[in-house]
Each structure stands twice: as C-alpha cells, then as structure tokens.
Amino acid sequence: MGSPLSLRDDHDSSELRRLARRSRHAGQSRRLLALAAIYDGASRGEAALLAGTDRQSIRDWVLRFNADGPDGLVDRHGGGQKARLTQEMLSALKTRLEERPIPAVHGVVRWRLCDLCGWLHETYGVSLSETRLGQIIRREGFRLLTARPRHYRQDTEAQDIFKKKFPGVMAAIRSRHPGKDIEIWWSDEARIGQKTKLTRRWAKRGTRPRAVADLRTRSAWIFGAICPEKGAAAGLVLPVCNLHGMQLHLAEISRTVAQGAHAVLIVDQAAWHTSQKLDVPYNITILPLPPRAPELNPVENLWQFLRNTWLSNRIFRTYDDIVDIACH
C-alpha cells in the first residue's frame, strides 16, 4: 500500500480556511476545508468523511491542489460546445454596441439584434439566432436603456474646462470666506402639469399597456435645491418660473444653509439664475454651469425619479391637485 501524497508546503490550514470563506464556488470551499483538515493532521479517511466523499476523490483533490494551488479546486466542467464568438469577436461586438449607428449608412438609429446578427455574419461568417445573441450581449453587461437627452450644440470642451477648474474655483471661494464651512448646493426647476408623460411599466410580453393621459395645460413649478454631502434640501412650489420665483427660492436656500456656513449654488445659465437683478443672500455664491450641460446637475436625476415614480401616468383634475402632489 503506497504512502499518502504530501500537500505542498507553501500553504497552511488557516490560509485554506480563509480562502474557503471568500470563495464564491461551493465545491472549491468544500475541497479547501477538507485539505485544511489534512494540514491539521487529519487522515485521508477523516478528510473524506468531512467532505462527504471517498478517499480517491481526496487523492484527486490533492493532485489538483499540488499542481495548480487553490485555483485547481474549482469545479471543472466538460466545456460543452465550443463558443461561437472568440474574444476578438466579442471585443468587436462590444465596440459596435457602444458606437451609435449612422442612419445614412446603416439605415437605423439604434442597433437591433437582427442588425447585429447580420453584421456578425458578414464580418466573421458566424450565424447566431437573435435569442442567442441577446443572451451573449446581456452576459457582457449590456441592457437596452433609455438614453438621456443631449443638446446637439453642447460644448463638451467647455464641460471639461469647468470640471478641471472647479477645484480652483472652490479654493478661491473658500479664501473669500475664511473660517466658514463651504456647502455645495445644486439647484434646478421642474414643470409639473396636467399634460404628463407616460413611463415604462411592467406588462406581459407581446402586450401594450394603457395609461391615462391628459391634454390640458395647467401647471406649477417645483424649485428644488439639494446639498448631497449634508443631506439637506430646500424647495418651493410656485405658479410660474421667473426672476421673482428664483428670488424666493434663494431666500429659502439661505434659511436652510447651516449656521456659519457658506453655500456655493450651482445652477444652469437660465436668465433668472444669472440676472444682475437678483438680490443674492450673503451666505450664497452662485456658480453657473457651462451652457447646455444638464448631465452635470444631479437634480436632473431627481426630477426624472419623481416623474417616473409619482408624477406620471395620472390625472390632475385641478391646479390644486398639482400643487398638492408637488408639495407632497
């Protein structure tokens, strides 16, 4: 009878137990714990009993562990059918997904699965069903998402300059207000009206759900400002969006800013945000964003969440209904 195989000496039982706790593979954890018991002096039979297997399996695990370390104890599958898409093809597919189609060239404004299947066949001679290609695309982390609007005249260079200079601008504001805590606030307005939009909703595949809609035009405005770092917010519901409304909003923000602090209020370049007629409170400095850059203002995400969750797919019978739900 041959002597039992020795375990490699560059690991110990405590390390194997630590790896077993962190492993995401149940089979690997079970094998690591069995080998940890052998490191502690257990026999091969005792390790087999602990792992719920036989001595031959323990021997196989020892061989795999000695050859490849802990990675050698991960489950080995037969592999099944060879993947139709190589890594090179997958990289090219992901690049194509991230690039928008050119309508004049490709005939569509967004990629469909049938377009991608045709491209794979023409480029690499690989034929996949739309269902299979959809599974591969989802496995790579892609989803069919609603795009955020972007102005066609947006100046990305101005946005990059704003981000680059932002620390210096904040340092200059701090120097003008020594000894005060600087709070960064973001502000924007949202129109809430009877003519609401329809949002996505859960429904059975193949059906088209219905939702109530209204064509009347009564509306109110939410003036909202947030300070994410402090978890603070200030808001007003007003009948119009103009310079007077912004003045009231500034007063509300000024009352919400912490005692002894100074707020940097970041807003877009709407006329009522940058007007020289505004009486800006002593504890607020207004910092305008580059033009046509809503993605730099996190309040835009807040409006989208409010509309998708509470303000869409419903009827506001009167102006008071609009005010009530906006205040809520």
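**Helix packing and annotated domains**

Me: Where does UniProt place the "Winged helix-turn helix" domain?

Reply: The UniProt record, an unreviewed entry, puts the feature "domain: Winged helix-turn helix" at residues 108-165. Keep in mind that the structure you are looking at is a predicted model.

Me: How much helix and strand is in residues 108-165?

Reply: Over that stretch the chain is 55% helix and 0% strand, and the C-alpha atoms at its ends are 39 Å apart.

Me: And which residues does the "Tc1-like transposase DDE" annotation cover?

Reply: According to UniProt, again in an unreviewed entry, "domain: Tc1-like transposase DDE" covers residues 184-322. In the model this span is 25% helix and 27% strand, with its end C-alpha atoms lying 30 Å apart.

Me: Stepping back, how many helices and strands does the protein have?

Reply: The protein has 13 helices and 5 strands.

Me: What is the radius of gyration of the protein, next to that of a compact globule?

Reply: The protein has a radius of gyration of 31 Å, whereas a compact globule of 328 residues would have one near 20 Å. Taken along the principal axes, the C-alpha atoms fill a box of roughly 95 × 60 × 40 Å.

Me: Changing topic to packing, at what angle do α2 and α3 cross?

Reply: Helix α2 (residues 26-39) and helix α3 (residues 44-51) cross at roughly 150°, and their axes come within 9 Å. Angles over 145 degrees count as roughly antiparallel, so α2 is described as roughly antiparallel to α3. The crossing of these two helices is right-handed.

Me: Which residues of α2 and α3 meet?

Reply: From α2 there are Arg 30, Leu 33, Ala 34, Ala 37 and Ile 38, and they meet Arg 44, Ala 47, Leu 50 and Ala 51 of α3. By residue class, this contact divides into 7 nonpolar, no polar and 2 charged.

Me: What about α5 and α7, how do their axes cross?

Reply: The axes of helix α5 (residues 87-98) and helix α7 (residues 113-124) come within 12 Å and cross at roughly 135°, which makes α5 oblique to α7. The crossing of α5 and α7 is right-handed.

Me: Which residues make the contact there?

Reply: On the α5 side the contact is made by Glu 88, Met 89, Ala 92, Leu 93, Arg 96 and Leu 97, and on the α7 side by Leu 116, Trp 119 and Tyr 124. The residues of the contact between α5 and α7 divide into 7 nonpolar, no polar and 2 charged.

Note on methods. Residues numbered from 1 in each chain as written. Predicted model: local features only at pLDDT ≥ 70, side-chain atom pairs only at ≥ 80, totals over all residues. Heavy atoms only, no water. Axes fitted to C-alpha atoms, helices over the stretch in contact; angles between N-to-C directions. Helix = DSSP H or I, 4+ residues; strand = E, 2+ residues; numbered from the N terminus. Parallel < 35°, antiparallel > 145°, perpendicular 65-115°, else oblique. Left-handed = near helix turned anticlockwise from the far one by under 90°. Contact = heavy atoms within 4.5 Å. Nonpolar A, V, L, I, M, F, W, Y, C, P; charged D, E, K, R; others polar. UniProt positions renumbered as here; feature names shortened; annotations may be inferred. Rg over C-alpha atoms; globule rule 2.2 N^0.38 Å.
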